[in-house]
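Please look over the sequence and the model shown below, and keep both in view while reading the briefing that follows.

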Amino acid sequence: MCMKQIIGEPGIDLSSDSKMDLKLTRNSESFHKPNSSNHNLNSFNQASQYFPNLSPTNFLSRAENLQQNLKTKSTNSFEPNLNSGMATQNPPLDWDPHAMLSNLSFLEQKIHEVQSLVQSIIDQQAEFSSRPSELATRQQLATADLTCIIIQLISTAGSLLPSIKNTLLSNNPALRQLVNPDFNNNLKCEGLIRNFPETARNSEYEDLLRNLDNEADWMKEPNPPPQSDIVDANPIDEHDLKESDDGDAEREHLPPGSYIVLQLEKEEILAPHTHFCVICGKGFKRDANLRMHMRGHGDEYKTPAALAKPSKEPGSDAHPVTRYSCPFVGCKRNKEHKKFQPLKTILCVKNHYKRSHCDKSYTCSRCHAKKFSVIADLKTHEKHCGRDKWQCSCGTTFSRKDKLFGHVALFQGHTPALPMDEVKASGSGQGNDDMTEDLGGYNGNFASEECLTSMDVKGIDESRAYFSPMNFDGFGALDEFGRGGFDLEDNPFAFIPSGFGQRSGDS
Amino acid sequence: MEMETRMKKRIRVEANTEPSESPFEALSEEILFLILDLLDSNPLDKKSFSLVSRSFFAVEARHRRSLTPLRPELLPFVLSRYNSISHLNLTLCPYLSDASLSSIASLLGPSLRSINLSGSRSYSHRGIESLANKCFNLEEIDVSNGVELTDEAAAAIGRMSKVERVRMGRCKKVTDLGIGCIAVCCPNLKLLCLKGCVGVTDLGVALIAVKCRKLRSLDVSFTMITKKCLPAIAQLPNLEDLCMTGCLGINDKALVTLKQGFKSLQALDMSNCQNISQASVSSILQKNPSLHHLNLSYCSPVNSMLSGLHGVFKLNSIKLDGCHVSTDGLKSLANSCISLKELSLSKCSGVTDEGISVIVAKHKDLVKLDATCCRYITDLSLAAITSSCASLVSLSMESCTKVTWEGFRLIGRHCPKLEELNLTDTDLDDEGLTSLSQCQNLTSLKIGICLKITDEGLIQIGRSCPHLQELDLYRSIGITDKGVSEIARGCSNLETICMSYCTSISDESLKCLSNCARLNTLEIRGCSLVSSVGISAIAARCCNLSKLDIKKCYEINDAAMLSFARFSHNLRQINLSYCSVTDVGVSALASISCLQVVTMLHLSGMSADGLAAALLMCGSLMKVKLHVSFKPFISPVLINRVESRGCMFQWLNKPFQVQLESSEVWKQQSHDIFVE
């Protein structure tokens, strides 16, 4: 319910400093009107780039901001029209001077680039006559840059005038052509795929994009572009690409699956709360708790309609099965992986991400050895901790015998370890060697059984004295014991007791 | 060989007179080794050889590679003489302590390659550990019957990294963990026997199959394995021999669902797997085209085993003992196999003349046929068998009561290659026996419970079958001294003879039989005419005698025991119930150094004290059967002590019964039991 269709969600590219400033200001300004253009969470890489600079406070505010976004988007998914409605109601909140400034400077830079490019074409026109292919390439570059500028311009303006851009772009076929994905591939622009544009109703900007590359046109593109979807740190290229990627992704996921692939951001996955109060910003794990909370904010939240469980959006029934992708690039659960295996629910995403890509911060309080990143796993483990009776020679313990044997079968050289009391008994078996040496000293007197049995007992007693039980508690001791058995390096004749030579000589 | 030895002895005597110029000193060690290589048949020859001279003694000690000691006490001395022993068989030593194993390990060290400890239960994992530590060239170890051995012992075996053959039958306390240690640490394992290791489950067996890829032979009989480990076993690339006798967890489903067959399996033993039926059989045969030997004995007493077989199989040998086999089943078996060599239908119900005829008509190369207790087959079957299978070597028709003299005549006329023939409990008569004497290659002839045969037939056998090694005349009451003496004269290679309840046999027969120097097993139970005179003759001249049954030979007394004590150093097993033996005889018997199994019931002359003295004296005893009435008179301390040496007591409560049943009555009674 709280999913956010980040996939391919465009963001304005900002330097990390300005971005952080932005966050802080926005945070102080308002919670209940997010602007998707003010955060750039599209890529895990980029997010992680920013993190080193974060002070704890920054991080907190950022997290709240994220939660805020999240909340709004989840609402949006229920009521797609609400977003635009709210946007028109509160344009001043949406308009951010810092973002605008950065956008404009970006445009300026881009225009300069195109300028120089066109200039170079003019300068080298003579050379191009002999190499028409290169000229074509340059032209394509220029066209792509121009496209980029136009889109940026529109999006910048669109943040001010959301109602205008729809008519502006959707009726402009030339513009649509310009955003052909092939160009983007030529430009080596890389970005995230947006797999499902219909769900991208999060922001005005995305609305714009959706109109720009309207579904049917893109799906009919003859050549599906290759998957070059590794997130690039270059903000400009990334920005260029996002729009077109929507189209790419749409075609990409259609053939294999009848399901939609959604990808949550790292921060969303790790957020402790998924439901936020639009008034005070308090977070909740459950929607029901939030609704109970909302009652305190006024009578309008106490109506049965407000308290009722929000029914599913009628349109969502028409949606195909939804599956989730892990935001960690390279993970098998990431949709860009060749053998992508989608995750079934958000809970799966959360558990998968924590287990696979996060530190294991919860340590078992009993064994102090096992660590977990999901607290439920820790609790499950603690229930059984200490009861693992199946142990491997490597020290790993298992609660089930078949698991141990699976482990032993898998790894070379690992053997099932015998229970500790038996190992101790075999420790006394080590003392047996001493016993043999003693026997050698007896010079063959050991024919009589009394002698043997008494010595047997003596051997055991001695070994008990020599080997304190502590020696066999650790695994290290076990290893030593194991090695002793395989020690083939020694001189074989060293084993023969000294008395032996004399005896054989006598006979 | 003996001539050679005697010659040497003579020369030795001469040599002793002139010790300085002994001609034997000139012989090189290589030549002596060559001579010793040829002296393998009789253990006493080597003894004589080593007594020739000091250098011969030393050479013999160096030459010897395998040793089967009778008593563990002398091992240190023996091993210090024979210190290059590589194969040590300790099955005759019922008491082996950990210290004995330690000393063996120290004395032999890396030269030891194979050790058999299956006769003893008194050692523990510590003994095996000392072997593992010092005998690191050990390739073969047999710890079967080590019922007290734990996983630690298995782990110690695992430390013998070069070990290739491990037998650990009946090690009931060993679990998957121990087997896991062996599996991981012994990559060279080629043979593993886990027969009766009830603690081992699928996990252990599957791990063996995963880790020991060189495994050729695997015995998981009488374990609790189920279908879960079969896929892993099927993956073994070199497995040739798989024995799954008595695995009740293996059922049709396990075998039918098995995706692929065993890659290189040649012999499969599934006897006593009572949950498999004909579906499994066809599945096995179709998935394993290279299978040569298949044993399905006692698998399914109800289902017909072979119906509906399709395909072409390379089976050489199939055993269907105790199964229901229909004529159709035999037909399809005959049609689908290329060339059967061995067929066992022992105790199969449903076998008819037609079935046998179809099989033998198709498979003329049949070498071995077992039709024991196929009561419906008649002379027709024998006509078919003898007309097509000229190369038949072994034929068993025990209790085929409908076969008449015509049939036996056919056997004699058409089966010249026959070596083993079992006609126990048939209607064989002298005429039949006379025609059987044409099978001149016979080595084993079992004609017990043939009440019609007399000396006349037996004389023919004795005259024309010089290779006979085993003769069974159990309850063939028509036989007298005359026939037996002819056998003793003609069959000098005789090793085993059973004349139990041939009541006409007397000392005369035994005196003649004493000419058969190779005789090692003699059963004359219930031959009440035999006295100490006859049996002493046997004792004096048959020095290989190892098994003796003289139950109910009332005339045998202490004199016979004294001659056993004097001559029969190889006697291992004796039953002297009802004999007239007293304390003197029993204590004389106890002085035989390798006596292992003794049955002494209803010895009127034996007292408890005499018994106690004998038990104390005889250190090599493994099993003693006594009447329960003696139990209160023998101190528990003594019993404990004897038991701690590895001896088992069996207290029987059989009633005292002097009178012998007449064999006719006995036969009728046993048939009545069968019919019921």
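**Briefing on the predicted model**

Leaving out residues up to four places away in sequence, Leu522(B) touches Ile497(B), Met499(B), Leu510(B), Leu513(B), Ile535(B), Ile538(B), Leu545(B), Lys547(B), Leu548(B) and Asp549(B), where a contact means heavy atoms within 4.5 Å. This is a predicted model, in which local features need pLDDT of at least 70 and side-chain atom pairs count only at pLDDT 80 or more, while totals for chains, interfaces and linings use all residues. Residues are numbered from 1 along each chain as its sequence is written, chains are lettered from A and ligands numbered from 1 in the order in which they are written, and side-chain values use heavy atoms, with hydrogens and water left out.

**Nonpolar cores**

- The largest nonpolar core has 212 residues, and those with the most contacts inside it are Leu522(B) and Phe564(B); such a core is a set of buried Ala, Val, Leu, Ile, Met, Phe, Trp, Tyr and Cys residues joined through side-chain atoms within 4.5 Å.
- Helix H9 (residues 176-185) of chain B supplies the largest share of this core, with 7 residues.
- A second, separate core consists of 11 residues, among them Leu264(A), Cys331(A), Ile346(A) and Tyr353(A).

**Chain B as a whole**

- Chain B holds 27 helices and 24 strands, which are DSSP runs numbered from the N terminus (helices: H or I, at least four residues; strands: E, at least two).
- Of the 676 residues in chain B, 58% are buried, a word that stands for under 20% relative accessible area, as against over 50% for exposed and in between for partly exposed (1.4 Å probe, protein chains only).
- Among the contacts in chain B with a separation of 6 or more, 72% join residues 24 or more positions apart.

- Asn295(B) lies in strand S10 (residues 293-295) of chain B, and it counts as buried because its relative accessibility is 15%.
- Leu262(A) belongs to strand S1 (residues 259-263) of chain A and is buried, with a relative accessible area of 3%.
- Leu262(A) and Arg323(A) are 61 residues apart in sequence, yet their C-alpha atoms are 6.2 Å apart in space.

**Confidence in chain A**

- The average pLDDT of chain A is 58, and 40% of the residues score at least 70; pLDDT is the predictor's confidence in each residue, from 0 to 100.
- Over residues 163-254 of chain A, pLDDT stays under 50, and the model has 184 contacts beyond four places in sequence for this stretch.
- Where pLDDT is low, the predicted coordinates should not be read in detail.
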